[in-house]
Amino acid sequence: MDKIWIAFAAALAIGLPALATAWAQSRIGAAGAGALAEKPELSGTMILLVAIPETMVILGFVVAVMILLGG
């Protein structure tokens, strides 16, 4: 029974940040497209702003691996 809860916790650790990242990147991407249409020199900044939420998924993946290997 404990293995089920460990797997569920690992799934939540990677799933919730993935959903949050998808939502954040959709908002940032839409705003970035509008900003780039007006100021093309902001392309480097927009790439950085789109990449920052991706770190949430990486951290979620690390936590999921720690849960699975520690349990």
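I looked up the buried residues of H1 and found Ala 10, Ala 13, Pro 17, Thr 21, Ala 24 and Gly 32 among the buried ones. Buried means under 20% relative accessible area, exposed over 50%, and partly exposed in between (1.4 Å probe, protein chains only). Helices here are DSSP runs of H or I with at least four residues, strands are runs of E with at least two, and both are numbered from the N terminus.

I note that this is a predicted model, in which local features need pLDDT of at least 70, side-chain atom pairs count only at pLDDT 80 or more, and totals for chains, interfaces and linings use all residues. Residues are numbered from 1 along each chain as its sequence is written, and side-chain values use heavy atoms, with hydrogens and water left out.

**Cover.** I checked what lies over the buried residues of H1; the cover includes helix H2 (43–51) and helix H3 (54–70).

**Thr 21.** I took Thr 21, in helix H1 (residues 2–38), as one case. Thr 21 counts as buried because its relative accessibility is 3%. Leaving out residues up to four places away in sequence, Thr 21 touches Pro 53, Glu 54, Met 56 and Val 57; contact means heavy atoms within 4.5 Å.

**Ala 30.** Ala 30 is also found in helix H1, but has a relative accessible area of 54%, so I list it as exposed. From Ala 30 to Leu 59 I count 29 residues in sequence and 24 Å in space, C-alpha to C-alpha.

**Length of H1.** The 37 residues should span 54 Å, and the end C-alpha atoms are 54 Å apart, so the two agree.

**Aromatic pair.** I searched the whole structure and found one aromatic pair. Trp 5 and Phe 8 form this pair, edge-to-face, at 6.0 Å centre to centre with 85° between the planes. Rings of Phe, Tyr and Trp (its six-membered ring) pair if their centres lie within 6.5 Å; planes under 30 degrees apart count as stacked, over 60 as edge-to-face and the rest as tilted. Both residues lie in H1, three residues apart, about one turn of the helix. An α-helix has 3.6 residues a turn, so residues three or four places apart point the same way. Trp 5 is exposed because its relative accessible area is 52%, while Phe 8, at 46%, is partly exposed.

Note on methods: The expected span of a helix is 1.5 Å times one less than its number of residues.
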